[in-house]
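Okay, everyone, thanks for coming. Let me put the structure up and then walk you through a few bits of it.

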Amino acid sequence: MDGQLRHRLVRIDEPILRVPQLAIHLAEDRKSVTLDPQRHVNAVWGVGDAAGSFIGYVARHAGVAEADVLAADLMTHDLTPAALIGSDGCLLSAPRLDNQASCYAGLEALLAAQPREVLPVVVIFDHEEVGSASDRGAQSNLLSAVLERIVLAGGGAREDFLRLLPASLLASADMAHAVHPNYPDRHEPGHLIEVNAGPVLKVHPNLRYATDGTTAAAFAVACRQAGVPLQRYEHRADLPCGSTIGPLASARTGIPTVDVGAAQLAMHSARELMGAADVVAYCAALQAFLFPEA
């Protein structure tokens, strides 16, 4: 090495790792297996000493010597391609739909929309699933800092920036739980969410979602403008609820926020499932939200 630190991006699209599940025959009650993250999710990638060094394997793919690898941020990813499934191709089976589907829909909305009297911004944060507390997560000052720099670059002052924040609208786009056909009792019976039935507006009385009446109305208008149906999600009051970056971003910026998503099944599994038609509807709704009609 020459004493300088360099970054290398590496992507290995080969099936080298596998976390084998315990056979049900070996489970204590032969019905279920409880996973301990310390003991039960270690991946298998070789046999004995022949496997060698994993960092050495990665280094070879990065084109560097193993000794030159000082640190690494690595993650595994599913290699099975996304596919339309079902008798009529009405379902989309893919890895990482949560939250790649929202990233795709947001970018498609931004690229397809016609600019008007608003400045659209699409922000794709990192580290949402581990708490967002990083230099580029939703708990950071990144969004506020970038928005202020945009205002200053356009000739505005900090006072203009502070006035624009409460006058703006933020859509926290995440995925939503469709009613699972095998576990219907896990869902609020008055708000049954279906796949291929349109975008989902998410509400929670304890603000696990940032939606309020005003922002809910704004997204309902966007769906009406886009010509897509709207579903309204309420979590069962007797079950713990997940959250999104909506409350974090809203608290950091002071921008009124609505939490929305697309319905899916098997959230956070290696292989997730959503309605194929919902992709188009989700894009259309976010486009209308970014560029509302006068």
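I'll go from domains to a helix, then salt bridges, then a surface patch.

Quick housekeeping: this is a predicted model, so local features need pLDDT of at least 70 and side-chain atom pairs count only at pLDDT 80 or more, while totals for chains, interfaces and linings use all residues. Residues are numbered from 1 along each chain as its sequence is written, and side-chain values use heavy atoms, with hydrogens and water left out.

Domains, then. The assignment gives domain 1 as 1-76 and domain 2 as 83-290; bounds like these come from an automatic or database domain assignment. The C-alpha centres of domain 1 and domain 2 sit 32 Å apart.

Now helix 1, residues 54-62. Helices here are DSSP runs of H or I, at least four residues, numbered from the N terminus. At its N-terminal end, S53 does the capping: a side-chain oxygen lies 3.4 Å from the backbone nitrogen of I55. After the helix comes G63, with a positive phi near 75°. Which residues of helix 1 are buried? They're G56, Y57, V58, A59 and A62. Buried means under 20% relative accessible area, exposed means over 50%, and partly exposed is in between, using a 1.4 Å probe and protein chains only.

On to salt bridges: a search of the whole structure turns up seven. To count, a side-chain nitrogen of Lys or Arg has to be within 4 Å of a carboxyl oxygen of Asp or Glu. I'll show you some of them.

R11 pairs with D13 at 3.1 Å, N to O. R11 is exposed at 65%, and D13 is partly exposed at 45%.

Then there's E148 with R158, at 2.8 Å. E148 is in helix 3 and R158 in helix 4 (residues 158-164), so this pair ties together parts that are 10 residues apart in sequence. R158 is partly exposed, at 46%.

And R236 meets D238, at 2.8 Å, N to O. Here R236 is partly exposed at 25%, whereas D238 is exposed at 54%.

Last stop, the surface. L119, V121, V123, L142, V146 and I150 make a nonpolar patch with about 460 Å² of accessible area together. Areas come from Shrake-Rupley with a 1.4 Å probe, and for residues only the protein chains shown count as cover. Patch members need over 30% relative accessible area and no salt bridge; nonpolar side chains (Val, Leu, Ile, Met, Phe, Trp, Tyr) are joined within 5 Å, like charges within 9 Å. Where's V123? In the loop between helix 2 (97-112) and helix 3 (142-153), and V123 is partly exposed at 37%.

Terms used:
Helices (H or I, at least four residues) and strands (E, at least two) are DSSP runs, numbered from the N terminus. A polar contact is a pair of N or O atoms within 3.5 Å; within protein, one must be able to donate a hydrogen and the other to accept it, and residues adjacent in sequence count only if both atoms are side-chain atoms.
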